[in-house]
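Here is a short briefing to read alongside the model on your screen.

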Amino acid sequence: MSPWIFLGLAIVAEVIGTSALKLSEGFSRLWPSLVVVVSYATAFYLLALTLRAIPVGVAYAVWSGVGVVLIAVIGWLVFGQKLDTAALVGMGLIVAGVLVLNLLSKTSAH
């Protein structure tokens, strides 16, 4: 399987875990807390598989950049958190950075 698919699945698992972290209310609720633990374990396992083929700096930049944007969108859609203009511009810059890294940099493994 493609390391990029592993990375995408790792990001999804991390986003699920972070969303459940909000719902766990400081690990005081059992089921969301279990989702956090399972999701993060899955995310790190898939990230480890990713790092077999993609350089750690590239993988982590994509992981963190895409994760930040997805969590911000989930915070907005699910948890009713506000995103002001500066937040949207910042997320746009993160997406631009991930695109530059993947489309233009020779560091990225394709």
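An axis here is a line fitted to C-alpha atoms, for a helix over the stretch in contact, and the angle between two axes runs from 0 to 180 degrees between N-to-C directions. With that in hand, please keep in mind that this is a predicted model. Two packed helices are described by the angle between their axes and the distance between the axes.

**Confidence**
- Across the protein the pLDDT averages 93, and 97% of the residues score at least 70.
- Helix 2 (residues 30-50) has the highest confidence, at 98, while helix 4 (residues 85-103) has the lowest, at a mean of 90.

**Helix 1 with helix 2**
- Helix 1 (residues 3-23) and helix 2 cross at roughly 160°, and their axes come within 7 Å.
- Angles over 145 degrees count as roughly antiparallel, so helix 1 is roughly antiparallel to helix 2.
- The crossing of this pair is left-handed.
- In the contact of helix 1 with helix 2 you will find 18 nonpolar residues, five polar ones and one charged.

- Leaving aside residues up to four places away in sequence, Ser 39 touches Ala 13, Ile 16 and Gly 17.

**Helix 3 with helix 4**
- Helix 3 (residues 56-77) packs with helix 4 at an angle of about 150°, and the two axes are 10 Å apart.
- That angle makes helix 3 roughly antiparallel to helix 4.
- Helix 3 and helix 4 also have a left-handed crossing.
- On the helix 3 side, the contact residues are Val 58, Ala 61, Val 62, Gly 65, Val 66, Val 68, Val 69 and Ala 72.
- Facing them from helix 4 are Met 91, Ile 94, Val 95, Val 98, Leu 101 and Asn 102.
- How do the residues of this contact divide into nonpolar, polar and charged? There are 12 nonpolar, two polar and no charged residues.

- Lys 82 sits in the loop between helix 3 and helix 4.
- Lys 82 and Ala 72 are 10 residues apart in sequence, and their C-alpha atoms are 9.2 Å apart in space.

Methods:
Residues numbered from 1 in each chain as written. Predicted model: local features only at pLDDT ≥ 70, side-chain atom pairs only at ≥ 80, totals over all residues. Heavy atoms only, no water. pLDDT = per-residue confidence, 0-100. Helix = DSSP H or I, 4+ residues; strand = E, 2+ residues; numbered from the N terminus. Parallel < 35°, antiparallel > 145°, perpendicular 65-115°, else oblique. Left-handed = near helix turned anticlockwise from the far one by under 90°. Contact = heavy atoms within 4.5 Å. Nonpolar A, V, L, I, M, F, W, Y, C, P; charged D, E, K, R; others polar.
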